[in-house]
Structures are given as C-alpha cells and as structure tokens.
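Visitor: I'm new to this one. Could you walk me through it?

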Amino acid sequence: MRRISLWRAVAPLALLCAGLLFATSATNARGTDLRPSRNTTLAGLVEEQSRRSATLVRQHAALTQDIEKLQAQQGSIDPALAKRLKDLSDEVGTTPVTGPGLTVTLKDAPQQVVKDNPDVDADWLVIHQQDIQAVVNALWAGGADAISIQNHRVISTTGIKCVGNSVVLHGVPYLPPYKITAIGDRRKLQQALDDSQYIDNLQDYVVKFQLGYDVQNESSIAMPAYEGTLDLQSATVPGFDRTPSVSPTASGR
C-alpha cells in the first residue's frame with residue numbers, strides 16, 4: 001500500500017516536470033526545429049541569408065528615396081545644382097542604366113570532375129574572388145559604362161571577398177554561378193577580355209577541369225542602380241606602404 005501511495009504522490013510531480021520541460025523547449029524554439037534536418041545545407045543557408053540581405057537593401061533604398069523626396073519638398077533646388085547632382089549620380093552608379101553589353105558567367109568545375117581528380121588541388125576547381133575581379137577589371141578597361149555582379153551594381157567602393165565556398169559582395173554571400181554583366185561597346189569589351197593575361201591563364205583551367213567561363217552578347221541590358229550605402233569604410237594615404245583590404249587581380253592562379 002505504501003508503494004502505491006508513494007507512486008501516486010510522485011507521478012503528478014514527474015508529469016509536472018515533464019510539462020515544464022516541453023514548455024521551455026517550445027518557448028526557446030519559437031516554432032523552429034531545435035535539431036534541423038540533415039538536409040539543411042550550407043548552400044541553403046547562404047541563399048536564405050542572401051534573400052534576407054537583399055530585402056533589407058531594398059528597404060534601405062526605399063527609405064532613402066522617401067528621404068530625398070521629403071528634402072526636395074522643403075524648397076526648390078537650383079537647376080544648375082540639380083543637374084550637377086544628376087551627373088554625379090550617373091557617375092557614381094546610383095541611377096539605373098540601359099544599353100547593350102556582355103554577360104560573363106563563371107562556374108566551379110562539375111562534381112564529376114572533382115571526383116575524378118582527387119589528387120588535384122581543390123583550389124584549382126573553384127572560382128575565386130581573383131577570377132571575378134579579373135573579369136571586372138578587364139570590362140572596366142574595355143570602357144564599360146556600368147557593371148553588375150549577380151544583378152547588383154558595382155561601384156568604386158565595391159569589394160569582392162571569398163568566404164568559404166561563397167563570394168561576398170556588399171556584405172551578401174553568393175554561390176556560383178557568378179554572372180558579371182557590363183554595359184558598353186560589346187566589341188571593345190570582348191577585346192579587353194581576350195587581352196587579359198589573367199583570363200588567358202583561367203582558360204587553361206577551363207580546358208583542363210571544365211571550369212565554367214561563358215560570354216554572351218546582350219542587345220539590351222536594364223541594370224539597376226546601386227542601392228547600398230555610400231559611406232567609405234576604409235582608406236589609405238597615398239604613398240603610405242600598406243596592404244590594401246581588397247587584393248588586386250593576380251597574374252596567375
């Protein structure tokens with residue numbers, strides 16, 4: 001009888017503790033899985049963060065436009081100053097542009113090639129920030145009027161960085177394929193790509209390991225305006241010996 005009485009006393013307490021644990025778990029999880037599925041991949045996380053960052057950038061751009069409209073309503077702007085501001089906006093990249101040009105697509109080697117070459121340095125089988133920089137530099141040298149990467153406008157303060165197996169642009173991570181689009185004279189742009197020693201070296205890996213390098217002519221490109229912040233994050237004094245935060249295009253892989 002004592003065992004039965006003891007069980008009747010302990011059972012409610014055990015159930016109460018279990019209920020508290022479930023409630024705490026549900027509160028901390030806030031509707032999310034505390035042990036994500038194994039199908040959750042790095043690529044999925046990168047894409048999710050990219051979407052969130054893109055949404056925040058669009059919100060920032062919309063708020064900036066609202067501020068500019070409110071400022072314009074405060075009083076008339078001198079026509080000469082208004083024209084000067086427009087010209088500067090076009091040069092900086094804060095206005096959308098259209099025109100003919102080229103799109104260069106870069107991709108990592110196919111997975112089958114990676115499996116078939118286990119002894120090859122893995123760095124030879126993926127696209128790096130230097131590859132993207134080399135294409136961008138060549139397009140600027142070819143007289144490009146505007147350039148975008150992954151449909152995001154590139155400006156003078158744009159930095160391209162490798163983080164793991166992704167490339168970060170304006171703080172947003174992206175996975176391959178990487179699409180670099182330029183507006184300008186297509187003949188001159190193509191010639192600049194052909195004249196680049198770095199890209200010529202890259203072509204060797206395209207042949208050996210099937211890295212993706214594709215150039216498409218575009219008769220009409222609608223390129224968006226740059227929507228990020230224009231604040232300068234860092235700078236160096238001319239003549240001061242210091243390694244730049246963004247490495248220049250290398251001459252070889």
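Guide: Helices (H or I, at least four residues) and strands (E, at least two) are DSSP runs, numbered from the N terminus. This is a predicted model, where local features need pLDDT of at least 70, side-chain atom pairs count only at pLDDT 80 or more, and totals for chains, interfaces and linings use all residues. Residues are numbered from 1 along each chain as its sequence is written, and side-chain values use heavy atoms, with hydrogens and water left out.

Visitor: How many helices and strands does the protein chain have?

Guide: We're counting the secondary structure of the protein chain here. The tally is seven helices and eight strands.

Visitor: At what angle do the axes of α5 and α6 cross?

Guide: Helix α5 covers residues 129–141 and helix α6 covers residues 186–195. Their axes come within 8 Å of each other, and the crossing is at roughly 135°.

Visitor: Which word describes how α5 lies to α6?

Guide: Angles under 35 degrees count as roughly parallel, over 145 as roughly antiparallel, 65 to 115 as roughly perpendicular and the rest as oblique. By that scheme, α5 is to α6 oblique.

Visitor: Which residues of α6 make the contact with α5?

Guide: Contact means heavy atoms within 4.5 Å. From α5 come V135, A138, L139 and A141. On the α6 side, the partners are L189, A192 and L193.

Visitor: How many residues are in the largest nonpolar core?

Guide: A nonpolar core is a set of buried Ala, Val, Leu, Ile, Met, Phe, Trp, Tyr and Cys residues joined through side-chain atoms within 4.5 Å. Buried means under 20% relative accessible area, exposed over 50%, partly exposed in between (1.4 Å probe, protein chains only). L106, I132, L139, I180 and L193 have the most contacts inside the largest core. Its size is 35 residues.

Visitor: Is D131 buried or exposed?

Guide: D131 sits in helix α5. Its relative accessible area is 0%, so D131 is buried.

Visitor: What about V113: which residues is it in contact with, leaving aside neighbours within four places in sequence?

Guide: V113 belongs to helix α4, residues 111–116. With a relative accessible area of 9%, V113 is buried too. Beyond those sequence neighbours, V113 is in contact with F209 and Q210.

Technical notes:
Axes fitted to C-alpha atoms, helices over the stretch in contact; angles between N-to-C directions.
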